[in-house]
Amino acid sequence: MLKDLVKANRSYRGYDESRRVTKEELMEMADCARLAASSVNQQPLQYYLAWEKDEVDRIQALTKWAKGLPELTLPHPHRCPTAFIVICQNTKRGESLARFQRDVGIVAQTILLAATEMGLGGCMIGNFGAGSVKEALSLPEYLAPMLIVAIGKPAETIVLEEIEDGESIAYYRDEQDVHHVPKRKLEDVVLDRSMLEH
């Protein structure tokens, strides 16, 4: 069951805008995130939830998507997410932003797995101006936006493809706008003693 969730949890860049995400759904995702592991149990992260259309649109305008496909504008018009969770670090609880990067990754994946279980999906977005987001959301000085997680009902097809070692890992879109994601084979990512001896 977990493996099925992991497979379904892709970086979606197209959503059904008619399916609004509720505050209650975002609260459940944040609740899962707060239960995740944290370095020395410091728990410096807080979650800004955006589900109302005007605020979602404001955040969307500050994000940049799919750096690997510079020739495309994604999401396509009328295919934007209907909610965001902005993962912020409370510097009063933990001053070093670098120290808690792993916590950000852990909670972001937890949020997306929770969304997937709800029949939703999302995308981690690191390409944004932290200062602009902070200003747009009127965040206090001690809250640093670390990562933005888009949430919505996926409205695109993503295909995983196993590749041979040495083949391109660049994701791409075909003529039907299907998103293809190359994945290394299991034997190419697992290390054991017998492999290291050759």
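Where does Pro75 lie in this predicted model?

View 1. Pro75 lies in the loop that runs between helix H3 (53-60) and strand E2 (83-90). Look at the peptide bond joining Leu74 and Pro75: it is cis, with omega at about -5°.

**View 2. Helix H2 and its two sides.** H2 takes in residues 23-34, twelve residues in all, and reaches 16 Å from its first C-alpha to its last, close to the 16 Å expected at 1.5 Å a residue. Its buried residues are Glu25, Leu26, Met29, Ala30 and Ala33. They cover an arc of only 140° around the axis, which puts them on the same side of H2.

View 3. Asn41 sits in the loop between H2 and strand E1 (45-50). Asn41 is not a glycine, yet its phi is positive, at about 55°. With a relative accessibility of 54%, Asn41 counts as exposed, because the cut-off for exposed is over 50%. Gln43 belongs to the loop between H2 and E1 as well, and here too phi is positive, about 50°, although Gln43 is not a glycine. Gln43 has a relative accessible area of 42%, so it is partly exposed.

**View 4. Strand E3 alongside E4.** Four of the five residues of E3 (residues 121-125) are buried, so this strand is largely enclosed by the rest of the structure. E3 and strand E4 (residues 143-152) run antiparallel and are joined by five bridges. To find your way along the pair, pick out Ile125, whose bridge partner in E4 is Ile148.

**View 5. E7 with strands E5 and E6.** Strand E5 (residues 158-163) runs parallel to E7, with six bridges joining the two. Glu161 stands opposite Pro182 of E7. Strand E6 (residues 172-173) is joined to E7 by two bridges, and this pair runs antiparallel. Here Arg173 stands opposite His179 of E7. The hairpin of E6 and E7 has five residues between the strands, and Asp177 in this hairpin takes a positive phi near 65°.

**View 6. A nonpolar patch on the surface.** Leu186, Val189, Val190 and Met195 make up this patch, and together they have about 350 Å² of accessible area. Val190 comes from the loop between strand E7 (179-184) and helix H6 (193-196). Val190 has a relative accessible area of 36%, so it is partly exposed.

Terms used. Residues numbered from 1 in each chain as written. Predicted model: local features only at pLDDT ≥ 70, side-chain atom pairs only at ≥ 80, totals over all residues. Heavy atoms only, no water. Patch = residues over 30% accessible without salt bridge, like charges linked within 9 Å, V, L, I, M, F, W, Y side chains within 5 Å. Areas by Shrake-Rupley, 256 points an atom, 1.4 Å probe, with all protein chains shown as cover. Salt bridge = Lys/Arg side-chain N within 4 Å of Asp/Glu carboxyl O. Buried < 20%, exposed > 50% of the residue type's maximum accessible area, 1.4 Å probe, protein only. Pairing = 2+ DSSP bridges. Expected span 1.5 Å × (residues − 1). Arc of directions from axis to C-beta.
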